[in-house]
Amino acid sequence: MKKLRFRYEMHLQFDAPVNDHRFTLKCIPMSNQRQVIQKLETYIYPNEMLSKAEDSFGNLCIYGYTDKPHTRFDAVVSGEALAGCLPYEPAEENYRLGRYRYPTPYTKPGPALKEYYRKFQAEYKNSKVQIGAEGNLSKSIVLMHMLHRDISYVQGVTTVDTTAEEALAGRRGVCQDYSHIMIALCQMAGIPARYVVGMLIGEGLSHAWVEIYHDGCWYALDPTNDLMVDDQHIKISAGRNYHDCRINQGAFRGIMVHQTQTIGVSVEEIGKLEE
């Protein structure tokens, strides 16, 4: 278990004044069984009208509105986290798992996913002896190893709109793509799975991984790095896909306005605790 210091910051610069700005931010990590958040500080500008509430997935959101003209928008969240407290997070009631069992437009299976799933079935059958057990977790671990082996991490070849089918067909992508592909294949195997956004030591930007349901709990796997999520990760939000976990959503009024976005994430270890 590690003690981490984190800082997430996002800055929007407008080349002309905007107003009637409405926004939703999902950038605040919450305490749970895997992590304890301490010394949390937030800075939002403009901040005339702000409120906080949880969305339908249990993520903490900041809702804001301003009608005053402004040329910049800032969101900064910092604090400390005790990470890796437990390797799992107890799941919600069974009736709430339904939304994580079925595909969304991001994870709808096509020919590439169906063919890869057949390959996974054969590989898992040959791997059970080494794993020593059957079940959602062992299947997901085999799948994670396969994806890390077969998909190349390449920036700039996919976008936030790229589907799991498209990314798998190209065999290239980033953490968002690895996560969507793994969610799609887990759901094809009958395993509830969800998308997670968070922060990771050394990443420099937000990071995405997957949580799978096993024996009443959510276990987190990072297919991009081929590892079980541990005390280097800080979770911010979870949902069915990227869209459910978008850190910044909003709308504003302006005349021929262009915006420039800058994002920075830092996570550093500041201590190690006895387990």
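In which helix do Tyr117 and Phe120 both lie, and how many residues apart? Both residues belong to helix α1, 3 residues apart, about one turn of the helix. Helices (H or I, at least four residues) and strands (E, at least two) are DSSP runs, numbered from the N terminus.

The model is predicted: local features need pLDDT of at least 70, side-chain atom pairs count only at pLDDT 80 or more, and totals for chains, interfaces and linings use all residues. Residues are numbered from 1 along each chain as its sequence is written, and side-chain values use heavy atoms, with hydrogens and water left out.

Aromatic pairs were examined next. Rings of Phe, Tyr and Trp (its six-membered ring) pair if their centres lie within 6.5 Å; planes under 30 degrees apart count as stacked, over 60 as edge-to-face and the rest as tilted. The count by this rule is 9 aromatic pairs. One of them joins Phe57 and Tyr100. Their centres are 6.5 Å apart, the planes stand at 45 degrees, and the pair is tilted. This pair links distant parts of the chain, 43 residues apart. Phe57 is in the loop between β3 (49-54) and β4 (60-66). Tyr100 is in the loop between β6 (88-90) and α1 (111-131). Phe57 has 17% relative accessibility and so counts as buried (under 20% relative accessible area; exposed is over 50%, partly exposed in between; 1.4 Å probe, protein chains only). Tyr100 is buried too, at 0%.

The rings of Tyr117 and Phe120 have centres 5.9 Å apart and planes at 40 degrees, so this pair is tilted. Tyr117 is buried at 16% relative accessibility. Phe120 is buried at 4%.

Arg194 lies over the face of Tyr100, 5.7 Å from the ring centre. A charge sits over a ring if NZ of Lys or CZ of Arg is within 6 Å of the ring centre and within 35 degrees of the ring normal. The charged end of Arg72 sits over the ring of Tyr45, 4.2 Å from its centre.

The axes of α2 (residues 136-150) and α4 (residues 175-188) come within 11 Å and cross at roughly 140 degrees. Axes are lines fitted to C-alpha atoms, for helices over the stretch in contact, and angles run from 0 to 180 degrees between N-to-C directions. The two helices are therefore oblique (angles under 35 degrees are roughly parallel, over 145 roughly antiparallel, 65 to 115 roughly perpendicular, the rest oblique).
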